[in-house]
Amino acid sequence: MNSTQALIGRENETVQREWPDEAVNRFWDHFARREDTSQKYFSRMWATQLTKLLRDTGQLKGKLLDYGCGPGYLLEKLAKEPIDCYGADPSAQSVEQTEARLEDLPNWKGCLKVTGTPIDYEPA
């Protein structure tokens, strides 16, 4: 292990100690609940443009997973397209909000509460 890898390892430990999963989930839940901050979600501000970009480049086909979907702002636009849309988020409150917001959309397939990351990540 070189000095850069050791530094990254120490930084990861510090982040995990200071921002455990539960604290991160509480932060995003609070952010999503408030109308004044929910307007600032990246996916809410850019959902229309991202959907158009995906449509224009031929990427809207098959199935789509929004990993870390939050309250589902991007999925709300995407589920109106001719693709099967799925969400995943570590926050139970975000999963509930997403399900409630999208339950009537025909291409909405569901949201799952997840823990951890979808891959094992080890800093290089």
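In what order do the three strands of the open sheet stand, and is their pairing parallel or antiparallel? The order is β1-β2-β3, and the pairing is parallel. The model is a predicted one, in which local features need pLDDT of at least 70 and side-chain atom pairs count only at pLDDT 80 or more, while totals for chains, interfaces and linings use all residues. Residues are numbered from 1 along each chain as its sequence is written, and side-chain values use heavy atoms, without hydrogens and water.

Strands (E, at least two residues) and helices (H or I, at least four) are DSSP runs numbered from the N terminus, and two strands pair if DSSP finds at least two bridges between them. β1 (63–67) and β3 (108–113) stand at the edges with a single partner strand each, so one side of each has no neighbour in the sheet. From one strand to the next the twist averages 15°, with axes as lines fitted to C-alpha atoms and angles running from 0 to 180 degrees between N-to-C directions. Five parallel bridges join β1 to β2 (residues 84–89). Leucine 65 is placed opposite tyrosine 86 of β2.

Rings of Phe, Tyr and Trp (its six-membered ring) pair if their centres lie within 6.5 Å; planes under 30 degrees apart count as stacked, over 60 as edge-to-face and the rest as tilted. One aromatic pair is counted. Tyrosine 41 and tyrosine 73 form this edge-to-face pair, at 5.2 Å centre to centre and 70° between the planes. Tyrosine 41 lies in the loop between α3 (35–38) and α4 (42–56) and tyrosine 73 in helix α5 (residues 73–78), so the pair ties together parts 32 residues apart in sequence.
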